[in-house]
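Please look over the points below with the structure open beside them. They go from a helix pair to the domains and then to the chains.

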Number of protein chains: 2
Amino acid sequence: MNKIGNATMVFENAPRVIGNYSIVGDKEGAGNFGQYFDEILDDDTLGERTYEKAECKLLEQCVRGAIDNAKLSPLDIDCVVCGDLMNQITSSSFAARSLNIPYIGVFGACSTMAESLAVGASLVNAHYANYVACATVSHFSSAEKQFRYPLELGTQRPPTSQWTTTGSGATVLGHGDKGVAITHATIGKVVDWNVTDVNNMGGAMAPAAFDTIYQHLQDLSIGPDYYDLILTGDLGKLGSEVLIDLMENKGIHLSSNYSDCGQMMFKNNQKTFMGASGCGCCASVLNSYVLQRLRNKSLKNVLFVATGALLSPLTCQQGESIPCIAHAVSLKGEDYV
Amino acid sequence: MNKIGNATMVFENAPRVIGNYSIVGDKEGAGNFGQYFDEILDDDTLGERTYEKAECKLLEQCVRGAIDNAKLSPLDIDCVVCGDLMNQITSSSFAARSLNIPYIGVFGACSTMAESLAVGASLVNAHYANYVACATVSHFSSAEKQFRYPLELGTQRPPTSQWTTTGSGATVLGHGDKGVAITHATIGKVVDWNVTDVNNMGGAMAPAAFDTIYQHLQDLSIGPDYYDLILTGDLGKLGSEVLIDLMENKGIHLSSNYSDCGQMMFKNNQKTFMGASGCGCCASVLNSYVLQRLRNKSLKNVLFVATGALLSPLTCQQGESIPCIAHAVSLKGEDYV
C-alpha cells in the first residue's frame, strides 16, 4: 500500500526534481527573493496584447525553462500537470497547446503547485511516466481584472488584502537516486469556516492549511519538528498568525521552522499589506529559493503546503462563504537515499 | 513500467468499477437513454435559488449515489477527483466541501469524465487509494448563462450547435477481482486545428478525438476492431462525421463499433441540432447505459473517449481559436480477469 493514514500518499521510489525554473514580474523581483529567481521580467506583458496572453506565455516560458534545466526536450516529457486562476484555466491549456505534451489540467486555485506536484509525483513514482512537468502561473493584472476591479479604476485596497503575484514556477520530476526527492503528498479536504470577506483570503485559508498539516503529521506520526521548514503559500501575515494559533490550540507548536511564501515575498515598503498571493507566489518561491536551499544542504526536509481559496466572483455574489483547500508535499534534500 | 507507447498508462491491477450513478434533467430523461439513468429530475433547480447552486447539488447527489451504490459511506472514500465547466470549477469544489473527502480538482472541459477516471484509476492501481470517486456535472442553464447568452433572450441557435446536457455521472473505483475494470488510459495532447466557430464545437473537437484514439491504437498496437465499442463524448453528429473521415484518411475504419454520446443522447424531434454536449453528457451515459451493457455482457471491451473544448468566452473575444483535448479510458467487461 502506497497510502498511510487517512490522506497521505507515499512515494517509495522518491521521484526526483530533475529540473526547475522560476520567472517573476519586476515587483516580485524587487522583493526578498529577487536574487533567487531565474528570470525577472522587465515587461510584464511579455510583448503580448493582453494580460491573459502574457500569463499564458509566462507559464509556457517557465515550463520550457524547467525542461531545459533538466537537459531534456519537450518531446521527452510524458505529461504536463498544470493549472492557473483564469476561468477554464486557459493559461494552462493554451500553454499545453504550444508545448504539445500530454496534458492533465488541474485546478486548486493557489494550492495548484502542490496539487500538480502531488499528481505528478504519483505518476512518476508508479512508473506511469518517466518525466512529468508540474507548473502553475498567476499574473497580477489578469487576476485583478477577473476577480476584482478594472485596473484603471485604481480601487483602494483594504488592509487585510494580499497582492497577486506575477510569476510562474515549474518543476520537472523524474526517476533517479540523487537530487531533491518527493516522498509524500497529503491531499486536502475542502475546509470552510464561513469567512465571507474576499479581502481576507489568508484568514479564510488558514483553517485549510491547519487541517492538512495536522492530517499530514497524524498520518506520518510525526511532530512539526520533523521538518526543517514547514512552508505555507500563501496565507500572508494575518493568515500565518491564524494558522499558528490554530496549531497551538491543538498543542502543536509551529516555531521558527514555519514560514509563509506570501508573507516573505515582498519587502515591507512595497505596500502589499498582508503580502503576496496567487498560485505563482509559492510556485516561484519553491522553484527558486527553496530548491536551492535543499540543493546546498542548508535545508534537508521541507513540508510545502500550498493553500487555495476555491471561490469565484459568482459564488460570492450568490452569498456563499469561501471554501478553501491545502495540499502538502514532503521534499527531502540533496542527500536523500 | 506502467506506461506503453507515448501516452498510455497501463493499470495492471485493473481497478474495478464498484459503484456508479447517473442523474439527468427531464429533457435528457425524455431522450434515447431515459430508461438507463438512475434518476431523472422533475425540477432542474433541485429546489435551489440559482442554477449554479443546482449544478453543485446535482454533482453532490450523484457522487453520493455512486458511493451508496458501492455500499460504502463517504468516509470510506480516499479521494474524490472531479471537475466541471463553471469558472473556478466551483460546482466541484462546493460539492467536495459537502462531501468532506480529500479532493483533487481537475479541468478538461467536456473531457473531464475521462480525465477524472484516468487520474482516479492511476491512484487506485498504484495503491495510493483504496476507493476513489470520479465525477463530473454540467447544467444547461448555468452553461448558457456563463458561455453564451442570458436564457431570457431566447437567442436563436445555429444549426451546428449542440445542447449542453443537464446531468451528472459518478464512478467509484476500487480493488477487486471481478466487475468492470479499467485497464488503460491515454492522456491527450491539446489539439487546435484553428476552428474559431464557437457554435461548432464538434468540428473543433474531432481532431483531438482523432489524435488520442490514433495514439491509443498505436500505443497498444491494436486496430479499432479490438473494441466492441469506441464511444466518444461529445462530438455530436457533425463532429462524429469529421472524426470518421479523419480516421479513414489514416486508413483506420471506424465501423458500426463507433458511437458518440452527444449524437445519441437526444431524439431527433428534441430540436438539439447536432446533439448533446457538456461534460455531464458522456458522464451520465457512461455511468448508466455503458456500464449496464458491460455488466450484462452485451459489451466486453469499450474505449471511452471524452472530448473537451478548452476555450473561454474571453479567449474567443481575444481572437483565439479553440484548443481541444480528448482523453481515452479502456474499460473491460464483467468477466475480465
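1. Helix α6 (residues 201–220) and helix α7 (residues 236–249) of chain A pack at about 35°, and their axes are 8 Å apart. Axes here are lines fitted to C-alpha atoms, for helices over the stretch in contact; angles run from 0 to 180 degrees between N-to-C directions. The crossing of α6(A) and α7(A) is right-handed. That is, the near helix is turned clockwise from the far one by less than a right angle. Helices (H or I, at least four residues) and strands (E, at least two) are DSSP runs, numbered from the N terminus.

2. On the α6(A) side, the contact uses G202(A), G203(A), M205(A), A206(A), P207(A), A209(A) and F210(A). From α7(A) come G236(A), L238(A), G239(A), V242(A), L243(A), L246(A) and M247(A). Contact means C-beta atoms, placed from the backbone, within 7 Å. By class, the residues of this contact are 10 nonpolar, four polar and no charged. Nonpolar covers Ala, Val, Leu, Ile, Met, Phe, Trp, Tyr, Cys and Pro; charged covers Asp, Glu, Lys and Arg; the others, Gly among them, are polar.

3. This is a predicted model: local features need pLDDT of at least 70, side-chain atom pairs count only at pLDDT 80 or more, and totals for chains, interfaces and linings use all residues. Residues are numbered from 1 along each chain as its sequence is written, while chains are lettered from A and ligands numbered from 1 in the order in which they are written.

4. Chain A splits into domain 1 (3–174) and domain 2 (181–332); the bounds come from an automatic or database domain assignment. The C-alpha centres of the two domains lie 17 Å apart. In chain A, 58 residues of domain 1 are in contact with 58 residues of domain 2. On the domain 1 side, α4(A) gives the most, with seven residues. That side has 29 nonpolar, 22 polar and seven charged residues.

5. Which element gives the largest share of the side of chain B that touches chain A? It is α3(B), with five residues. Between the chains, 50 residues of chain B are in contact with 50 residues of chain A. The chain B side has 26 nonpolar, 16 polar and eight charged residues.

6. Chain B superposes on chain A by a rotation of 180° with 0.0 Å of shift along its axis (RMSD 0.0 Å). In chain B, V106(B) has the C-alpha nearest the axis, 2.0 Å from it. Both copies use the same surface: 100% of the contact residues of chain B recur in chain A.

Definitions and conventions: Two residues are in contact if their C-beta atoms, placed from the backbone, lie within 7 Å. Copies are superposed by least squares on the C-alpha atoms of residues with pLDDT of at least 70 in both.
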